[in-house]
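Thanks for coming. I will go through one structure today, starting with a few single residues and ending with the chain as a whole. Please have a look at it first.

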Amino acid sequence: MKNNRVLRLSQISPEIVLTLHNETVPVPKGDEVLVRLCSIGLNRADLLYQQQRYFEKPRLDSRLGFEGAGIVEEAGPNALFEPGDRVGICPMAIDVHTQGCLADYGIYRSDQLIPTPASIDDAHSGALWMALLTAWGGLCDAGALQAKETVLITAASSAVGIACIQLAKAIGARVIATSSSEEKCAFLLETGADDVLVQPRDQQALPEFETQLLSLAPEGIDLSFDAVTGPGFRALIRAARRGGRIVVHGYLDRRPMDVHPGVLMKRLLTLKGYTLDATLSRPEQKAKAIAYLGNLLEQGLARPMIARTFSLEEAAKAFEFLASNQQLGKVLITP
């Protein structure tokens, strides 16, 4: 009999307290399939979930893992996939409590899955859809990015940030990327960003950051895709062109934002929040995004960059590494 190792949340706290359980492999019914998970991507949402800081609140003994991919081993009688098919789990589509991806096996409905492009190997297949779909949703769906525009991507050394750089360059936009260190900025230049800046946390250094941003984009930034906010958000507003757009998809800096409504009005700026479900909840946009991104992957214009890979037994170390913010790209777990 197959053994299914399942990582479950054993304590809700700022600390990472996880337990690996040995459980029976479930049997798919109806349109379900049994997926043997080969690659599991970690996201900041996984950390926030454990700490009760995510949109969805945790439960004790919940499974964990919002993103993964693998191979169909068994299929229910009405499933749209067959044994041997390579599939990824669509972000935001699963009940993490019962279907979390940090396991050897999981049961998923056919409509929760996306075919894995042939150009991506099994070991990296779990690093695709959360980052790429967030990038497409933020830049194209919410941000309406066009060729020859200038886009600012903050916290750009994350998996989402790297996907944004790749997508923006494929569109034909100019990319200014920010990160927290010179080392990460050098990496972003290698990744394809046109210009890079260290974005400081020290409030006294923010005026210099604003000056640097204005010097890189004297005519103004068309679109900012921001994961940081906090006091540094003022620089994004000051650097925006008249009629520009700012899309917020995270708040790594939880200090208050400095936003004067008069500036938004006078400069005709559009400021909006974004979460991935805004795109995935609309079937036409979801299908459009998957088709577009699949084409980029097949052409080699987008690819996952892996910071480090851990085993399932090393999950606690993987989460600690993710929390350290040292990673350049995606943190993966391979069962």
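Cys164 is buried, with a relative accessible area of 0%. The model is predicted, so everything I say about this residue and the others is computed from that prediction. Which cysteine has the sulfur closest to that of Cys164? That is Cys140, and the two sulfurs are 9.2 Å apart, which is too far for a bond. The cut-off for a disulfide is 2.5 Å between the sulfur atoms.

Next, Cys38. Is Cys38 buried or exposed? Cys38 counts as buried, because its relative accessibility is 14% and the limit for buried is under 20%. For Cys38, the closest cysteine sulfur is in Cys101, at 12 Å, again too far for a bond. How many disulfides does a search of the whole structure find? The search returns zero.

Now a residue in a helix. Val96 sits in helix H2, which covers residues 96-99. Val96 is buried, and its relative accessible area is 0%. Which residues does Val96 touch, once its neighbours within four places in sequence are left aside? The contacts are Tyr49, Glu56, Ser62, Arg63, Leu64, Gly65 and Phe66. Take Glu56 from that list. Glu56 and Val96 are 40 residues apart along the chain, and their C-alpha atoms are separated by 9.3 Å.

That leaves the chain as a whole. The protein chain has eleven helices and 15 strands. Its radius of gyration is 20 Å, close to the 20 Å that the globule rule gives for 335 residues, so the chain is as compact as a globular protein of that length. Along the principal axes, the C-alpha atoms fill a box of roughly 65 × 40 × 35 Å.

What share of the 335 residues is buried? Buried residues make up 54% of them. As for contacts between residues at least 6 apart in sequence, 68% join residues at least 24 apart.

Last, surface and charge. The accessible surface of the protein chain is about 14,600 Å², and carbon and sulfur atoms account for 51% of that. The chain carries 34 positive and 38 negative charges, and the mean positions of these two sets lie 6 Å apart.

To go back to the cysteines: Cys164 and Cys38 are both buried, and the search of the whole structure finds zero disulfides. That is where I will stop.

Definitions and conventions:
Residues numbered from 1 in each chain as written. Predicted model: local features only at pLDDT ≥ 70, side-chain atom pairs only at ≥ 80, totals over all residues. Heavy atoms only, no water. Helix = DSSP H or I, 4+ residues; strand = E, 2+ residues; numbered from the N terminus. Buried < 20%, exposed > 50% of the residue type's maximum accessible area, 1.4 Å probe, protein only. Contact = heavy atoms within 4.5 Å. Rg over C-alpha atoms; globule rule 2.2 N^0.38 Å. Areas by Shrake-Rupley, 256 points an atom, 1.4 Å probe, with all protein chains shown as cover. Lys, Arg positive; Asp, Glu negative; His and termini not counted. Charge placed at Lys NZ, Arg CZ, Asp CG, Glu CD.
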